[in-house]
Every structure is written in C-alpha cells, then in structure tokens.
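My notes follow the structure.

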Amino acid sequence: MEQPRIERVIRIVQLMSGIRTYTISELADAMDMSERTIYRYIDSLKNAGMEVTSERGCPRLVQTNQQYKGFMKVAMSTQEGKALANLSKMESAIESKKCVILKGYASAHSGTIRDREVEPFELSTDRKQVWCFDLESKENKVFMPSRCEAVETTEKPWTYKDRHKSEPFDIFGFHGTDACNVCLRLDILARNLLLEEHPLSASQLSPDGDNHWLLKTIVYDLDGVARFYLGLTKHIEIINSPIFAKYVQK
C-alpha cells in the first residue's frame, strides 16, 4: 500500500471513530474525495473485518471491534499515524476554541525541541500544517503536527482570537503574501513526482503536447519550487518565468 493511501486510510478511520460525527458528504469534503470514493473506503474497512454502524445517518466505526483495535495499535506506531493523531487533536481544539500544548516540538527554525503552548486556529489546505497563535512569542506561526511527540489538549480557551491571522499556502507548502507566478513544462517523470509529493498541484496541471504537462502556479517562496526543479532539471523546462529562472541560476 503506497504512502498516501496509508495516510488516507488512517485519516478516515479517525474521522469515523472520533467524538464528532460526519455524514458521507462531510467525510468527502474533509478527505477531499468524492462520496463514491468514501463508500469504497467504507466497504474496504468492512471487508477488513471492521464493524460499521450508523449514528443519525453518520457512518461510525465500532471501537470495541478487535480488527479496529489491531489496526489502531499498528497505525499509531507509525510516523504517519502519530502525525494524524496530533492533527486530529489540533483540529478538535480549533472547533472547541481551546489551547493545546505541543509536546516535544522539534523546531527546524530555532533548532530546539521543547513544549509549545499555542492557540490552533486554521489548517493548511493539504492538512499538514496548522496556523497557531504562539502564546510565548505572541505571534502567528505555522506548526507541523508531525514534528511533535504528542498534542495535549487543555481546557484553556482562546484569549487572542482577535490577533489570529493566517497567510495563504502554495502547493509546495510555503506561505506568504508576496506572490510570484511560475510556469513549468514537465515530462511524465516530473509530473508523476510532483503529484506524489505535492497532490494539490493536480488542479494546476494541464496537458501540453505528447506526454508533457504545464504547471501554472503561484508561489510565495521560490525556494520550494526551486528544490523540486533542481532535482529534475533534465525533465522540466521553465516557461516565461524570468524571476524564477534568475533565482535558480544563482
């Protein structure tokens, strides 16, 4: 089972067994899938031996089921499972407007590993990053659930809601306010790797001749797209993007 599919299975299992209930339509929105695909996942869970019930029209997984217990034990031991468990707690805190403590958060920016108390208030489009108001620095920052050992939910309500402010993300996971247009022509290899590493790019790709595609996108930091391009220079052509072309020549 490929990595993205593993993450999706863990995520849908969490949604169907958490405190909040979801209709099929809401599950489809949360997973960015069609309702038909959601039904296929539910059928797969049933075929795997999990018990699915209905609660006010919302599909639910029976947590006392042995297959469910076995799945969760294995899933939560993986890095993907831990990250999704942390994300789920932060998402619940957003809904309840409560603070959380990011236990053992490993910050690449400061080079430290320590606890951080924050007010989480918005998920990124790809659900891998969370906008939070950092109670220590009194600043809005992006935190990644995958970089903390655990998330501890508190009963402390938000106190800085009026100062919560986010910025848009590009398909490479960078955020900001200074947008730059980039156009790249990709062959099959580059296109496949782009979709695997950055699934949000799918809506910004269009066919361009035999076995080639154009990526027309907005980025907020050239470093993200540059990392992708520099690893595949033989498979990508820069099209009408002078600022980016100059950036990668440095």
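Entry 1, ground rules. I worked on a predicted model, where local features need pLDDT of at least 70, side-chain atom pairs count only at pLDDT 80 or more, and totals for chains, interfaces and linings use all residues. Residues are numbered from 1 along each chain as its sequence is written, and side-chain values use heavy atoms, with hydrogens and water left out.

I started at E8, residues 180-187. Helices (H or I, at least four residues) and strands (E, at least two) are DSSP runs, numbered from the N terminus. Six of the eight residues in E8 are buried (under 20% relative accessible area, with exposed over 50% and partly exposed in between; 1.4 Å probe, protein chains only).

I call two strands paired if DSSP finds at least two bridges between them. E8 pairs antiparallel with E10 (residues 212-219) over eight bridges. There, Cys180 stands opposite Val219. E8 also runs antiparallel to E11 (residues 236-238), joined by three bridges. I found Leu184 facing Ile238 and Leu186 facing Ile236.

Entry 4, the sheet. Which order do the four strands take? I read E9-E10-E8-E11, an open antiparallel sheet. E9 (205-207) and E11 are the edges; each has a single partner strand, so one side of each lacks a neighbour in the sheet. Neighbouring strands are turned by 25° against each other on average, direction ignored (axes are lines fitted to C-alpha atoms, for helices over the stretch in contact; angles run from 0 to 180 degrees between N-to-C directions).
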